[in-house]
Amino acid sequence: MSNQNKYSRTRDSLYKLPFRNRIQSLQKLFPELSVDTLKCVVAQECQKRMKGSHGRLTTSETVEVMYKKFTNSILMNEEPGILLRLSDEVGLTPALLARSIIERHYQRDDKSKPAKLLVSTLMKNTALIDDRDLAFETYLCLLEDEEYGPIAEATKQSKGYEYEMYLRMELENCKVSFLHEDHLRMKGYDKTPDIKLEIPVAIDGQVINWIESKALFGDEEVHRGYLKDQLYSYWNRFGPGLVIYWFGYVEDLEKIHQNRIILIRDTLPTNMVLMDQHL
């Protein structure tokens, strides 16, 4: 079965599952897919869903209703996990719901929202929240949310860094000379690929000059976003390159680029030809 069909089947199955704890169910349905690939597909579906519904679910009227439900539940001594259950009910991810409740809790006298810096600080350190119940409920939400919130962001950054380091080690093992993005920033470049090859390599007959590592599953929407924000800038500055989506990608993504050559793979190719071997 092609990656495209697997992706479509996985995505279709998602819509029939609860919003939280879906990975275990998907593992049983798609044992041939890695946990990291499934997590990426779930995260991307969640982000699309939140992009479409976040505004509607966080109007001042809606937040007021949710805040009253929360405070009433506290008064009724309901067991912990109040905000998690509310998250399941309304369709906001736990961290986004907790953020909305915190904003309402710290609402100013004129009913305007508190400063974003304050809210972000409280989300990063729930011990600073002045209400014990809200602090604990927010903490539970952050632990449960794999897509949003400081814990989720730290996990994503760690995974991305892990694969960047793995790519560097693989290139060193292949005796490929390169500069990484820290070197390039020191040279004054603003938008930099993860790897700039000091001597180009050829992959399947195509010469490439740079490599970008993505610890993600590459679907069309994700790839188009990276083309706009990063990859076309690299192509304009350095020429043809390679993007590695470590957790797989849908077929035919390369057709999106038209005449701008950016190869796509899910691992570092073993058939690289060092250009200086033929000089």
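Here are some questions and answers about this predicted model.

Student: Before we start, what should I know about the model?
Tutor: It's predicted, so local features need pLDDT of at least 70, side-chain atom pairs count only at pLDDT 80 or more, and totals for chains, interfaces and linings use all residues. Residues are numbered from 1 along each chain as its sequence is written, and side-chain values use heavy atoms, with hydrogens and water left out.

Student: How are H4 and H6 oriented to each other?
Tutor: Helices here are DSSP runs (H or I, at least four residues), numbered from the N terminus. Axes are lines fitted to C-alpha atoms over the stretch in contact, with angles from 0 to 180 degrees between N-to-C directions. The axes of H4 (residues 60–75) and H6 (residues 94–105) come within 10 Å and cross at roughly 90°. Since 65 to 115 degrees counts as roughly perpendicular, H4 and H6 are roughly perpendicular.

Student: Which residues of H6 meet H4?
Tutor: Contact means heavy atoms within 4.5 Å. H4 brings Val63, Glu64, Met66, Tyr67 and Phe70, and these meet Leu97, Ser100, Ile101, Arg104 and His105 in H6.

Student: Is glutamate 45 buried or exposed?
Tutor: Glutamate 45 lies in helix H3 (residues 35–57). The cut-offs are under 20% relative accessible area for buried and over 50% for exposed, with partly exposed in between (1.4 Å probe, protein chains only). With a relative accessible area of 9%, glutamate 45 is buried.

Student: Is glutamine 258 buried or exposed?
Tutor: Glutamine 258 is found in the loop between strand E4 (241–245) and strand E5 (262–265), where strands are DSSP runs of at least two E residues. Its relative accessible area is 70%, so glutamine 258 is exposed.

Student: What distance separates the centres of domain 1 and domain 2?
Tutor: The chain is divided into domain 1 (3–144) and domain 2 (160–274), with bounds from an automatic or database domain assignment. Their contact takes 10 residues from domain 1 and 11 residues from domain 2. Taken over C-alpha atoms, the centres are separated by 33 Å.

Definitions and conventions. Angles under 35 degrees count as roughly parallel, over 145 as roughly antiparallel, 65 to 115 as roughly perpendicular and the rest as oblique.
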